[in-house]
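Hi,

Here is the structure I promised to pass on. Please open it first, then read my notes below.

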Amino acid sequence: MATAAPAPCFFKLSSSHRSALPARRFASRDAAALRTRGRVSCGSGGSLSSATPISYEFSDGSSDMELRLQLGGVDISGPRDIHVDANDTSLTIKLKHSGSLTTLMETDSLFDRIKSAETIWYLDDDQLVINMKKQDPELKWPDIVESWESLTAGSMQLLRGTSIYIVGDSTEINQKVAKELAVGLGYTPLETKELLETFAKQTIDSWALAEGYDAIAEAEGVLLESLSSHVRAVVATLGGQQGAARRADKWQHLYAGFTVWLSTTEATDEDSAQKEARRHIEDGSLGYANADVVVKVQGWDADYSKTVAQASLSALKRLVLSDRKLPDKKSLYIRLGCRGDWPNIKPPGWDPSTAYDSITSPDTL
């Protein structure tokens, strides 16, 4: 049983904001939502923008979705004044007014992929109605665009309660991003630093001075074992050399959940950051390379914690959409005792001590 390769993302901290993240992917009104927006930043690098604030109503049926935009007050002579350009992951709507085109809506990060060739639109009184078909009819779209709100709402159907572990060399970054994720998803926030300090009745720094990094990594490994059976939790792990996640031999219980590696980088563009992430994964010298997804972060400011959390959810969404059985596989891994055989789970009764036995080679599940 194989899983998808880790999906790298790139977050660039800039004075003008936001992230530069790659895409790493009716009659029924049961999911209708009313939105009024000007410009909204989206987690995969795109945005929903318009020249003026617009109101729209979005509904998701099964395979069909409907987007209704209010055109009240806009002077148009007919369908010839409307330009709709739909691609698999983007949508642009423009109106011709007084001889010039005005952007009514533009996004290059739809919540997921559509069948662009089957998109149709028409005018209904003072509304522009656009019907779209999803490429994945099983995925419920909370909104037309990928945003923090739609990701946190939509991730519940994908993660299905599987816990998330945040790893990386900065304990502070791990904690800040984990907290945002926990609040957004309604998960329990847990910090191994706090739990270990409570148990040891001393700070991590004083513990390191007294017993060294190895002792702390060993203790965090034991703690991760106890947390591995938890569901609906976001766990912020220790960063640096005292952290268990940095050590490849301490991942046995981290595999129980989805792992996000928050990796700081000096790269100045998306392509360089992705190449760097792939080099780290192929090198495998750091335990972090075992993570399910990698988010490359250039610079850090705690004010951007939610944006990095959004990038993390975007990457996790694409990962699970590439293999919808991943949450079930994680659950099976836990039920079999977190034996370290991820992603090639062995049958019940497999003995980890025979992992490198060249004679015994049991089938995988």
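**What I found**

The protein has eight helices and 16 strands. Keep in mind that this is a predicted model. The protein has 365 residues, and 50% of them are buried. It exposes about 16,600 Å². Carbon and sulfur atoms supply 47% of that area.

Start with strand β6, residues 64-70. Five of its seven residues are buried, so the strand is mostly covered. Strand β5 (residues 54-60) runs antiparallel to β6, and five bridges join the two. A hairpin of three residues connects β5 to β6. Strand β11 (residues 127-133) also pairs with β6. That pairing is antiparallel too, over seven bridges.

Phe-58 partners Leu-67 in β6. Leu-69 partners Leu-128 in β11.

Is Phe-58 buried or exposed? Phe-58 lies in strand β5. Its relative accessibility is 0%, and buried means under 20%, so Phe-58 counts as buried. Now look from Phe-58 to Trp-141. They are 83 residues apart along the chain, yet their C-alpha atoms are separated by 9.4 Å.

**The nonpolar core**

Which residues have the most contacts inside the largest nonpolar core? They are Leu-67, Leu-69, Ile-93 and Trp-141. This core has 85 residues. Helix α7 (residues 305-322) gives the largest share of this core, with nine residues.

Leave out residues up to four places away in sequence. Leu-67 then still touches a list of others, including Tyr-56, Phe-58, Leu-91, Ile-93, Met-105 and Leu-128.

**Aromatic rings**

There are six aromatic pairs. One is formed by Trp-251 and Tyr-255. Their ring centres are 5.7 Å apart and their planes are at 50°, so the pair is tilted. Both Trp-251 and Tyr-255 are buried. Ring pairs also link Trp-251, Tyr-255, Tyr-333 and Trp-342 into a cluster.

Two lysines sit over tryptophan rings. The charged end of Lys-330 is over the ring of Trp-342, 4.2 Å from its centre. The charged end of Lys-346 is over the ring of Trp-350, 5.4 Å from its centre.

**Backbone points to check**

Most residues other than glycine have a negative phi, and most peptide bonds are trans.

- Trp-342 and Pro-343 are joined by a cis peptide bond, with omega about 5°. Pro-343 is in the segment after α8 (326-335). Trp-342 is also a member of the ring cluster.
- Arg-160 is not a glycine, but its phi is positive, about 50°. Arg-160 is in the loop between α1 (148-159) and β12 (164-167). Its relative accessibility is 41%, so Arg-160 counts as partly exposed.
- Lys-201 is not a glycine either, and its phi is positive, about 60°. Lys-201 is in the loop between α3 (192-200) and α4 (204-211). Its relative accessible area is 73%, so Lys-201 is exposed.

Best wishes

Definitions and conventions
Residues numbered from 1 in each chain as written. Predicted model: local features only at pLDDT ≥ 70, side-chain atom pairs only at ≥ 80, totals over all residues. Heavy atoms only, no water. Helix = DSSP H or I, 4+ residues; strand = E, 2+ residues; numbered from the N terminus. Buried < 20%, exposed > 50% of the residue type's maximum accessible area, 1.4 Å probe, protein only. Areas by Shrake-Rupley, 256 points an atom, 1.4 Å probe, with all protein chains shown as cover. Phe/Tyr/Trp six-rings, centres within 6.5 Å; stacked < 30°, edge-to-face > 60°. Lys NZ or Arg CZ within 6 Å of the ring centre and 35° of its normal. Pairing = 2+ DSSP bridges. Core = buried A, V, L, I, M, F, W, Y, C linked by side-chain atoms within 4.5 Å. Contact = heavy atoms within 4.5 Å.
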